[in-house]
Amino acid sequence: MTLRVLILFALYSLSGASYVFAQDATGQSDEAARERERDPRFVQNTRGNIPIPTNPEELRLVSLDLWLKFRRTNQRLYSYINEAAEFRAYSYLCKRHDLNVNLEPINQLVDRHLQQIIIAHYDEPDYAVLEKLSKAEQAELMTDISGDLYAFEYGYRVAQQNSVIETAGSTTNNYCSQAEKTYYQKYIALLATARRQTN
């Protein structure tokens with residue numbers, strides 16, 4: 001790939017223009033990009049390169065794409081989900097602590113928040129898939145998707161905390177004893193919010 005083409009690609013990307021095929025010096029286009037361009041479900045300008053789903057399984061994948069796109073926002077619902085996943089990761093890594101942990105109300109609120117967020121992300125094509133399902137099937141699909149997203153966040157936080165331990169050259173026991181007070185306070189806040197909002 002020539003330097004000129006790389007510069008053009010970067011300029012098009014920064015300007016928000018539509019996808020430009022990367023070409024090498026002989027002018028050969030990237031075949032995978034061409035295939036993606038031909039997919040009629042792929043609407044670049046209005047959906048940020050997220051495909052249009054045609055069935056519940058594709059909607060599940062779209063939901064993950066949308067979550068990854070927006071998950072770092074500081075809005076209240078996102079913050080609660082991320083803090084709950086972080087505490088859950090701590091309680092997995094640090095099994096010896098003085099907390100009598102009850103995650104059920106926290107998990108219920110996380111599930112409710114995730115389902116609200118998932119629905120808020122959807123556009124008309126996504127709703128079209130949902131409308132073909134019965135109310136029971138919709139509820140089951142939303143519960144499954146929210147569970148997938150929470151599992152992703154939980155796994156991400158476990159990896160993140162393991163990385164902190166490894167980078168510090170510490171042991172899990174040292175990390176747990178140092179973090180216990182912080183996570184105790186986080187747990188109390190999470191539980192109080194969950195009890196207030198789920199009652």
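The dialogue below goes through a few descriptions used for this predicted model.

Student: Why are α6 and α8 called roughly perpendicular to each other?

Tutor: Helix α6 (residues 104–121) and helix α8 (residues 135–167) pack at an angle of about 105°, with their axes 9 Å apart. Angles of 65 to 115 degrees count as roughly perpendicular, and the pair is therefore described in that way.

Student: Which residues make the contact, and how do they divide into nonpolar, polar and charged?

Tutor: On the α6 side the contact is made by Asn107, Val110, Asp111, Leu114, Gln115, Ile118 and Ile119, and on the α8 side by Met142, Thr143, Ile145, Ser146, Leu149 and Tyr150. The residues of this contact comprise eight nonpolar, four polar and one charged.

Student: What makes His121 count as buried?

Tutor: Buried means under 20% relative accessible area, and His121 has a value of 12%, so His121 is buried. This residue lies in helix α6, and, leaving aside residues up to four places away in sequence, His121 touches Leu66, Trp67, Phe70 and Tyr78.

Student: Which residues have the most contacts inside the largest nonpolar core?

Tutor: That core has 41 residues, and those with the most contacts inside it are Phe87, Ile106, Val110 and Tyr122. Val110 also touches Tyr80, Ile81, Ala84 and Tyr150, again not counting residues up to four places away in sequence.

Student: Which element gives the most to this core, and is that element mostly covered or mostly exposed?

Tutor: Helix α5 gives the most, with nine residues, and α5 is mostly covered, with 13 of its 18 residues buried.

Methods: Residues numbered from 1 in each chain as written. Predicted model: local features only at pLDDT ≥ 70, side-chain atom pairs only at ≥ 80, totals over all residues. Heavy atoms only, no water. Buried < 20%, exposed > 50% of the residue type's maximum accessible area, 1.4 Å probe, protein only. Helix = DSSP H or I, 4+ residues; strand = E, 2+ residues; numbered from the N terminus. Axes fitted to C-alpha atoms, helices over the stretch in contact; angles between N-to-C directions. Parallel < 35°, antiparallel > 145°, perpendicular 65-115°, else oblique. Contact = heavy atoms within 4.5 Å. Nonpolar A, V, L, I, M, F, W, Y, C, P; charged D, E, K, R; others polar. Core = buried A, V, L, I, M, F, W, Y, C linked by side-chain atoms within 4.5 Å.
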